[in-house]
2 protein chains.
Amino acid sequence: MYVKKTVPYLNCGLDLVGEVLYGKWKIRILWFIYQGNLRPSELQRKIPDVTRRVLNVQLKELEDHELITKKIYPVMPPKVEYTLTDFGRTLIPLIGSIGLWGDEHQERLRRVILKHAAQSSDQSGSDYVADDPRFATLPS
Amino acid sequence: MYVKKTVPYLNCGLDLVGEVLYGKWKIRILWFIYQGNLRPSELQRKIPDVTRRVLNVQLKELEDHELITKKIYPVMPPKVEYTLTDFGRTLIPLIGSIGLWGDEHQERLRRVILKHAAQSSDQSGSDYVADDPRFATLPS
DNA sequence: TCAGATAGGGATAAATTTATCCGTATTGCC
DNA sequence: GGCAATACGGATAAATTTATCCCTATCTGA
């Protein structure tokens with residue numbers, strides 16, 4: 001298991017949230033669990049792009065951070081279910097709003113994301129350069 | 001400049017948001033700009049743990065994604081200011097709520113984060129294993 | 001008997017992100 | 001003159017995250 005070499009930066013609430021929610025699939029995993037996809041195999045079908053390995057790793061971290069709970073049924077073939085903890089559930093409204101914002105701005109987001117991905121060589125260089133003569137020298 | 005080798009996963013609003021907000025310092029940068037810290041040097045003082053290099057990289061991405069605007073004053077020594085775009089500003093309420101949630105749950109977050117960081121070898125293994133005999137075999 | 005479903009995880013590779021180091025420029029201050 | 005402040009970005013290294021590959025187990029159904 002990989003162990004961090006740098007110390008986390010925990011100054012404000014935003015930093016703390018980052019620490020537990022930063023992970024490529026974490027927010028989506030929480031959301032799908034909330035939607036009733038409790039078993040790892042169900043989650044994987046919902047998010048085909050994660051590999052099972054990575055899904056397990058992120059689930060473990062969410063569990064360590066007490067956002068979800070793992071329940072192992074001692075049966076064969078194996079059965080495991082994850083559920084949101086009360087703590088994890090308090091995040092749902094936030095995740096909901098974030099998803100909503102994304103949906104509302106879907107087109108624009110898709111445009112800007114695709115524009116600056118891969119080989120799209122955009123040379124517009126649209127930085128605004130103030131040409132106001134007052135700024136010819138920095139006001140002290 | 002690094003160019004991605006994998007295609008982005010853009011199925012729902014949540015995926016889209018992830019694409020523009022995923023970056024160790026991005027949310028905090030947006031927040032500090034919102035708070036009036038417009039110049040790169042001011043931002044760096046607010047977030048001492050980012051290096052100027054990385055700060056520039058993330059600012060560039062936020063700019064590419066149209067969340068902030070860069071204004072260059074042609075003066076010497078150089079002066080640059082970033083501002084939230086109207087689009088970027090629509091994110092502020094969300095970021096505000098996230099930060100609030102983090103503040104509210106500050107203690108718990110700090111605890112779970114520190115517990116599972118670095119060398120803290122916790123062997124509690126608190127997974128819940130159902131011992132209900134009904135699950136001795138999987139119900140079909 | 002063999003494929004497929006279920007779930008887990010070690011070792012390792014690849015991708016990505018973040019950090020370090022250094023060089024460019026100019027002005028002002030001691 | 002030397003040093004700090006302002007800002008930018010290439011080359012490269014280190015850290016971190018994510019992915020690939022492979023092996024373990026058992027049961028069901030074709």
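Residues are numbered from 1 along each chain as written, with chains lettered from A and ligands numbered from 1 in written order. Since the model is predicted, local features need pLDDT of at least 70 and side-chain atom pairs 80 or more, while totals for chains, interfaces and linings use all residues.

User: What makes H7(A) oblique to H1(B)?

Analyst: The axes of helix H7 (residues 106–115) of chain A and H1(B) come within 10 Å and cross at roughly 45 degrees. Axes are lines fitted to C-alpha atoms over the stretch in contact, with angles from 0 to 180 degrees between N-to-C directions. Under 35 degrees is roughly parallel, over 145 roughly antiparallel, 65 to 115 roughly perpendicular and the rest oblique, so H7(A) is oblique to H1(B).

User: Which residues meet where H7(A) touches H1(B)?

Analyst: A:Gln106, A:Leu109, A:Arg110 and A:Ile113 meet B:Gly13, B:Leu16, B:Glu19 and B:Val20. Contact means C-beta atoms, placed from the backbone, within 7 Å.

User: How many residues does each chain give to the contact?

Analyst: Chain B gives 56 and chain A gives 57. On the side of chain B that touches chain A, H6(B) gives the most, with eight residues.

User: Which residues come nearest to DNA strand D?

Analyst: Of the 25 residues around DNA strand D, the nearest are A:Lys5, A:Thr6, A:Lys24, B:Ser41 and B:Pro78. A residue counts as near if its C-beta atom, placed from the backbone, lies within 6 Å of the strand. H4(B) supplies the largest share of that surface, three residues.

Conventions
Contact = placed C-beta atoms within 7 Å. Helix = DSSP H or I, 4+ residues; strand = E, 2+ residues; numbered from the N terminus.
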